[in-house]
Amino acid sequence: MNSGVYGVLQEILIEDLDVSVEQLHSEADLIADLGFDSLSFATGVAEIRSRLGVTLDSEEVFSCRTLGDLQRAVTDKIQHPALPVAANFPEQLRASAGEAP
Amino acid sequence: MNKFMTALVESSRYGERGLIAGDPDRLTKTTWDEIHQQARRIAGGLHQAGVRHGDAVAVLAGAPRDIAPLVQGIWLAGASVTMLHQPTPRTDLASWLGDTQRALEVIEARAVVVGTPFEATLSAFGGWPIQRLTVEQLFADDAADPVPTADDDVAFLQFTSGSTGAPKAVAITYRNMYDNIRGMEFASRIRLKHDVMISWLPLFHDMGMMGFLIGPMFLGAEVVSVTPMDFLNDPLLWAELVTKYRGTMSAAPNFAYALLAKRLARADDGAYDLSLLRFVLSGAEPIDVAVVEKFLRAGERFGLTPDAIVPAYGMAEATLAVSFLRPGEKFKVDYVDPTSLQILKRASVSRAEDAQRFMRLGRLLPGFEAMILTDRGDIGTYRDVGEIHVRGDSVATRYRTDAGYIDATDEGGWLATGDLGYMTEDAQLVVCGRRKDMLIISGRNIYPVDIERAAARVDGVRAGNIAAVRMPTDGSGEGFAVVLESIASGDASECIRIEREVASRIFQEMGISPRRVEVVGVGRIPKTPSGKLRRLEAQRLICSRTSPVEQPQSA
């Protein structure tokens, strides 16, 4: 399951945020190493929602310093959906939580 | 009444066209006539609050449905409009308030009007010598008759950036707006019965405000308007709106087309219909030819045609547009010899593999003149590269600063744009670099001093010895790097700490991030004998370490 989330995050970073494969590791600092700006955060949140069915609010996102933190935040949200937001995407959620992409 | 307001009020009476806005799932239409009636009530409310002819009114609002009647209502009350810099969830409210207060002082605002979703900030303005009003309360007032204004009265005070150090607002007159919107109307061949404009652009920026709110309000054209947040939440909303409302005209900065190209490429066949789009403008940011090509390739599957792409050039000082490609013409790419460009300052056509590609940005709008002034001070002919100067009735002649009004143009009426460029044989303008220090990140104008000020707040950084410089990279738009001096430059772990803290500090304050932070020893940052930063040289310091072939001046 974690590898599933990480795999999707990797895809988002490479396809949508132009991060190169060499830069990807769980300790990579989103801002200092990967050059995330507010546009990258917004794009990332939108893609995480559409691909994983998880809606992170801005506080949750901005509290993530590294890529690993982001992965944990997404995984936590899949396991403990606090709000009914995720219920809008039950099929995507099951699909992505159940198998690696 | 001035000719701009006369035409605006008159066009609101014709037809059922209007502003389609609101929650993206449930957009509703307000006709221009209804907006005019609201505007008259707002003018009444403003008058009651003491706003008089020539006063400045600041607006802090995000919803197009609030902003349209507000802007018109402020004009009907005889005052000028200023859109305030908006706080985001990340913004440090204390520093935002400080900046806002400085901005309000510069324009000597009589009143501030707050709308959705910023109502909560209203109390923060307490204790300031300024009228505090909400959109809601103004809507409820009695209508007032328009206060007469003249063509050369200031209609808009548009801040040129979020520059916190020395806020500077372009003073746009009714004459400027009349000329520019008429020029755009002519050059875009807009037809009110057929054209539908689609926009998600921010209304505190000139492209969104002038092009997609004031423009359609003045002409009485149909416009669908959502917010930048709506677009970033789901970029394909743009394609949905184009499909649903049969959109024909739209505009955005380069970065948005990069984003859309990726999303459209993954969308299902037949999901959207982009075939009615005839005017898709790219402006406010240097245009990357590769991005346009990718966007076209992804859009073609949905009926997007190449001659719909409209490369454009403009700036707040010219009200909005200076040049754009005419409808029905296909965009042209210039292939230029890089050596000739750099050494001879000539944009010689090249067929070699190392040729640099620049987008031609169309012909001047009617009413504009352009002049290329070379480094030697000569007026350039075709393909001579120099600073672009423009002149015409759209060009604002003054800025408003904390020292009052200052001239924006020289005695001949020319505005030095700070952009480097040339003219092609077919009278199209090309921008190939920038003389001014300003950065353009995702369509936002950013001044290096603001980045440097943020970096200076990190421990171990020598204040005054920081340079934020442009750092071009292929494919991912304009970026910047920061070079700074520290006495700890020999200590590797301390350098890493400084680099990280500087990056996150800049992000926190401005929402942008450096591509690179470089810590150097004391005395390494190049300066003039009088101690002024030499950013261009500092830029070479960074660029020489990345790739020797990069063109630091290419836009």
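The domain assignment of chain B, with bounds from an automatic or database assignment, gives the entries tabulated here.

| Domain of chain B | Residues |
|---|---|
| domain 1 | 3-177 |
| domain 2 | 332-434 |
| domain 3 | 439-546 |

Between domain 2 of chain B and domain 3 of chain B, the C-alpha centres are 28 Å apart. This is a predicted model, in which local features need pLDDT of at least 70 and side-chain atom pairs count only at pLDDT 80 or more, while totals for chains, interfaces and linings use all residues. Residues are numbered from 1 along each chain as its sequence is written, and chains are lettered from A in the order in which they are written.

Contact means that the C-beta atoms of two residues, placed from the backbone, lie within 7 Å. By this criterion, 16 residues of chain A are in contact with 20 residues of chain B. On the side of chain B that touches chain A, α8 (228-233), α10 (254-266) and α14 (492-510) of chain B each supply at least two residues; helices here are DSSP runs (H or I, at least four residues), numbered from the N terminus. The largest share, five residues, comes from α14(B).

Within chain B, helix α1 (residues 3-11) packs against helix α7 (residues 206-219) at an angle of about 70 degrees, their axes being 6 Å apart; axes are lines fitted to C-alpha atoms over the stretch in contact, and angles run from 0 to 180 degrees between N-to-C directions. α1(B) is therefore roughly perpendicular to α7(B), a term covering 65 to 115 degrees. In this packing, B:Ala7, B:Leu8 and B:Ser11 of α1(B) meet B:Met217, B:Phe218 and B:Leu219 of α7(B).

Definitions and conventions: Parallel < 35°, antiparallel > 145°, perpendicular 65-115°, else oblique.
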